[in-house]
Amino acid sequence: MRELYVNPLPVRIWHWANAVLFIVLVASGVQVRYLDLFDVLPFGTAVTLHNWAGFALIANFFVWLLFYLFSERNRAYHPEFNLLKQARASMAQMKYYGWGMFHGEQNPHRIDPYDKFNPLQRTLYQILMLFMLPLQFATGLMMWDTKRFAVAIDMVGGLRVVSTVHVLIFIFFVFYLFFHPYLTTLGHTPTAHIKAMWTGYEEVEADDDSTAKGATS
């Protein structure tokens, strides 16, 4: 096995801060939204915690955005405009997840410091980071100060529409928080990807051509 420096320190700090803030937002959001079912925190405390965690997550998002805007590693998020190539790569990756990894086949994606996501991950993170998170921020800000954003709220159909979109995305992220830990166990060992997000170094097969960049002995 060889090691590739795949996750720089800013990415690792952003990732773990993001994880903590997501958990706080989900927990406080459940308390705020379903007050009759849960009584862990006073309503006012839950609202304040949710708001502050939301602003912290927005700030953390811009840390991620600025890093990737001014880093060569932003190739990890570049879309694949060749739809046929994207479809073939995605099908190969799905075949591996559904069959290959249970039968000793090699992952069709080769990790590269500048291209660390497989086709399915890249598509998911493009949707999540460039669409769903900004939309969640926007709807959250509208509900945070309905008077200030009254015009925007009316333009999109009213507060009920804003609230519904916010809750639907919230539900998606709840499922994601359960699904993501499972995906982290799909490395060559169950803890390999988790370790890589702490140390920055991802272990890859020694004969992997991607070790040409950034490999350490």
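Val40 lies in the loop that links helix H1 (9-33) to helix H2 (43-69). Helices here are DSSP runs of H or I with at least four residues, strands are E runs of at least two, and both are numbered from the N terminus. The model is predicted: local features need pLDDT of at least 70, side-chain atom pairs count only at pLDDT 80 or more, and totals for chains, interfaces and linings use all residues. Residues are numbered from 1 along each chain as its sequence is written, and side-chain values use heavy atoms, with hydrogens and water left out.

Val40 counts as exposed because its relative accessibility is 68%; exposed means over 50% relative accessible area, buried under 20%, and partly exposed in between (1.4 Å probe, protein chains only). Val40 also belongs to a nonpolar surface patch of about 430 Å², together with Tyr34, Leu37 and Phe38. Such a patch joins nonpolar side chains (Val, Leu, Ile, Met, Phe, Trp, Tyr) within 5 Å, from residues with over 30% relative accessible area and no salt bridge. A salt bridge places a side-chain nitrogen of Lys or Arg within 4 Å of a carboxyl oxygen of Asp or Glu. Areas come from the Shrake-Rupley method with a 1.4 Å probe; for residues, only the protein chains shown count as cover.

The protein chain holds seven helices and three strands. Their order along the sequence is β-α-α-α-α-α-α-α-β-β. The C-alpha atoms fill a box of roughly 60 × 35 × 35 Å along the principal axes. Of the 217 residues, 35% are buried. The accessible surface of the chain is about 13,300 Å², and carbon and sulfur atoms contribute 69% of that.

Conventions. Patches are made of residues with over 30% relative accessible area and no salt bridge: like charges are joined within 9 Å, nonpolar side chains (Val, Leu, Ile, Met, Phe, Trp, Tyr) within 5 Å.
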